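Open the structure in your viewer and keep the selection tool at hand. The stops below say what to select next and what is there.

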Amino acid sequence: MKNYLNQALDIMKAQSINKHKLDWEKIYNFAHEQAKGMDSIKQTYTVIDSTLKMLADQHSHFYPPEMVEGIFKGYLANGEQLPIVKTAIMEKSYAYLTVPHFYFANEGEWEQFITDAYHKIRELDKLVLKGWIIDLRDNDGGMLQPMIGMVAPFIHDEDAFGIKKPEGIISYYRYRNNAAYYGDSLVYQYKTPLIQLKNFDKPLVVLINKRTGSSGEFIAMAFKDRKNTQLIGQKTTGLTSSNSEFKLSDGAYLVLTNGTLTDRKGEPYDEVGKGISPDHVLEKEIVDQEECIHQAIRVLKQMSQ
């Protein structure tokens, strides 16, 4: 039991984004004091959960083995529906599509999701378009890779966003050769072939709101400072930090915040809760209404002038 707890603490100490700012002696002492009298690994789960709060990043989590197993099984095995991309044509020449959150880590379902999205995007792209609207409102995150794959037709071969490590080094995410890379490291090889858009250069707006969070914010950042692109809505949630998963000896996972999201220029978004600011701010009363779509089209028309 003590070895298991120390394994978790050692990973926190080595990986936490705040590792250079924290009093690790105090953290270890706190955890060991909380674990006194415990005689099983499972009992330490609450101690690990409490200790994570001391890392002061508001984004790290602990997942027990049974929860991890469910996450990898996927939506269908858990009796849930796969997220789907919704599309529409607005005013006969503006293509609209949503980017939904994606919570499960089943790679087969990732590919199914991306394949369906590409089919719908390809249908939109057959038209003579004047612009694109990508809706990230209420996307509160989850698995980044299916979302990157879904929007790859719009951001491939570009440094989409960066991650700044505690040591100050920034590496960038990029979709190339049908794969997601972090710096020079392969993150995920997609099985679904990328589609090429004939309307790629048309103006594009991205809708965001205060419930756009975590991985949803990463996708928003992938479009920030993209050529001929504007963000519309409200500031996002402000969970602009990157997490990595670390498997413990019993199959549980520590998901630790170990980097800060940066834009394409390397500007870090390191203040928890500050979020990503839109280029065009919408009032709260219309940010979640259809009026938001009308405002997006208005901005697209201005961008075309």
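This is a predicted model: local features need pLDDT of at least 70, side-chain atom pairs count only at pLDDT 80 or more; totals for chains, interfaces and linings use all residues.

Strand 9 covers residues 204–208 and strand 10 covers residues 229–233. The two run parallel to each other, paired over five bridges. Colour the sheet of six strands next; its order is 2-3-4-9-10-13, the sheet is open and the pairing is mixed. At its edges are strand 2 (87–90) and strand 13 (280–281), each with a single partner strand, so one side of each has no neighbour in the sheet.

Go on to Phe223. Leaving aside neighbours within four places in sequence, Phe223 is in contact with Val206 and Leu231, and also with Ile134, Val151, Phe154, Ile155, Leu204, Thr229 and Arg264.

Phe223 also belongs to the largest nonpolar core, which has 53 residues. The members that touch the most others are Leu97, Trp132, Phe154, Phe161 and Phe223. Helix 6 (residues 144–155) gives the most to this core, with eight residues. Another core lies apart from it and has 22 residues, including Met12, Ala31, Tyr45 and Leu52. In soluble globular proteins, nonpolar side chains tend to be buried together.

Select helix 7 (residues 215–223) next. Is this helix enclosed or open? Nine of its nine residues are buried, so helix 7 is largely enclosed by the rest of the structure. Among the buried residues are Ser215 and Glu217 as well as Phe218 and Phe223. After the helix comes Asp225, with a positive phi near 70 degrees.

Phe161 lies in strand 5 (residues 161–164) and Phe218 in helix 7, so the pair ties together parts 57 residues apart in sequence. Phe161 has a relative accessible area of 1% and Phe218 one of 6%; both count as buried.

Other rings are worth a selection. Tyr75, Phe102, Phe104 and Phe113 are linked into a cluster by ring pairs. Arg176 lies over the face of Tyr181, 3.8 Å from the ring centre. End at Arg226, whose charged end sits over the ring of Phe200 at 5.1 Å from its centre.

Technical notes. Residues are numbered from 1 along each chain as its sequence is written. Side-chain values use heavy atoms; hydrogens and water are left out. A nonpolar core is a set of buried Ala, Val, Leu, Ile, Met, Phe, Trp, Tyr and Cys residues joined through side-chain atoms within 4.5 Å. Buried means under 20% relative accessible area, exposed over 50%, partly exposed in between (1.4 Å probe, protein chains only). Helices (H or I, at least four residues) and strands (E, at least two) are DSSP runs, numbered from the N terminus. Contact means heavy atoms within 4.5 Å. Rings of Phe, Tyr and Trp (its six-membered ring) pair if their centres lie within 6.5 Å; planes under 30 degrees apart count as stacked, over 60 as edge-to-face and the rest as tilted. A charge sits over a ring if NZ of Lys or CZ of Arg is within 6 Å of the ring centre and within 35 degrees of the ring normal. Two strands pair if DSSP finds at least two bridges between them.
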